[in-house]
Amino acid sequence: MRVVLALLLALMLGAPAIAVNPGEVLADPVLEARARDISSQLRCLVCQNESIDDSNADLAREIRLIVRERLVAGDTDDEVLQFLVDRYGEYVLLQPVVAPHTTLLWAAAPLALLVGGIVIVVASRRRKAVAEPAVLTPDEQRALDELDSGRG
């Protein structure tokens with residue numbers, strides 16, 4: 001029973017490694033390591049939140065082959081990434097780039113946090129102001145006392 005469980009665990013842990021087919025692996029271990037590093041930075045356009053290294057989709061396989069072809073041709077890692085961005089758009093990158101056209105993407109979360117903090121501070125101050133009892137002027141207190149004494 002333990003052997004079966006160990007085999008199942010090994011298969012589950014090794015599942016992402018199965019995505020790269022043996023026929024895709026480069027003979028040069030240095031180039032293969034570079035290809036794997038680049039592949040881990042690229043999004044599978046079919047699976048969307050999975051790297052092409054982990055995906056079994058046909059398009060992910062094609063992109064893995066393109067990465068390896070470009071590396072064998074002598075491209076640098078940045079040139080390979082730029083080639084794929086030019087071909088598929090920035091969405092192919094798992095980590096969005098920091099550029100003028102993505103400023104809103106990067107600034108939205110901190111701005112929302114800041115605005116939310118300001119709203120909470122203003123609301124709590126207003127609530128405190130409403131909750132505190134009003135202090136009466138001497139004339140108002142005298143008028144209130146006269147009204148109370150007139151009832152009794």
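I started with the largest nonpolar core, which has 18 residues. Core here means buried Ala, Val, Leu, Ile, Met, Phe, Trp, Tyr and Cys joined through side-chain atoms within 4.5 Å; buried is under 20% relative accessible area, with a 1.4 Å probe and protein chains only. I38, L42, V67, L71 and L84 have the most contacts inside this core. Helices α2, α3 (58-72) and α4 each supply at least two of its residues, and α3 gives the most, with 5. I took helices as DSSP runs of H or I, at least four residues, numbered from the N terminus.

Note on the source: this is a predicted model, where local features need pLDDT of at least 70 and side-chain atom pairs pLDDT 80 or more, while totals for chains, interfaces and linings use all residues. Numbering runs from 1 along each chain as its sequence is written, and side-chain values use heavy atoms, without hydrogens and water.

Next I looked up L84. Leaving out residues up to four places away in sequence, L84 touches L42, I63, I66, V67, G89 and V92 (contact: heavy atoms within 4.5 Å).

How do α2 and α4 pack? Helix α2 (29-39) and helix α4 (77-88) meet at about 40°, axes 11 Å apart; the axes are lines fitted to C-alpha atoms over the stretch in contact, and angles run from 0 to 180 degrees between N-to-C directions. On the α2 side I found R34, D37 and I38, meeting D77, V80 and L81 of α4.

Last, I checked S39, which sits in α2. S39 counts as buried because its relative accessibility is 0%. Beyond its neighbours within four places, S39 contacts S51, I52, D53, R64 and R68.

Terms used
Buried < 20%, exposed > 50% of the residue type's maximum accessible area, 1.4 Å probe, protein only.
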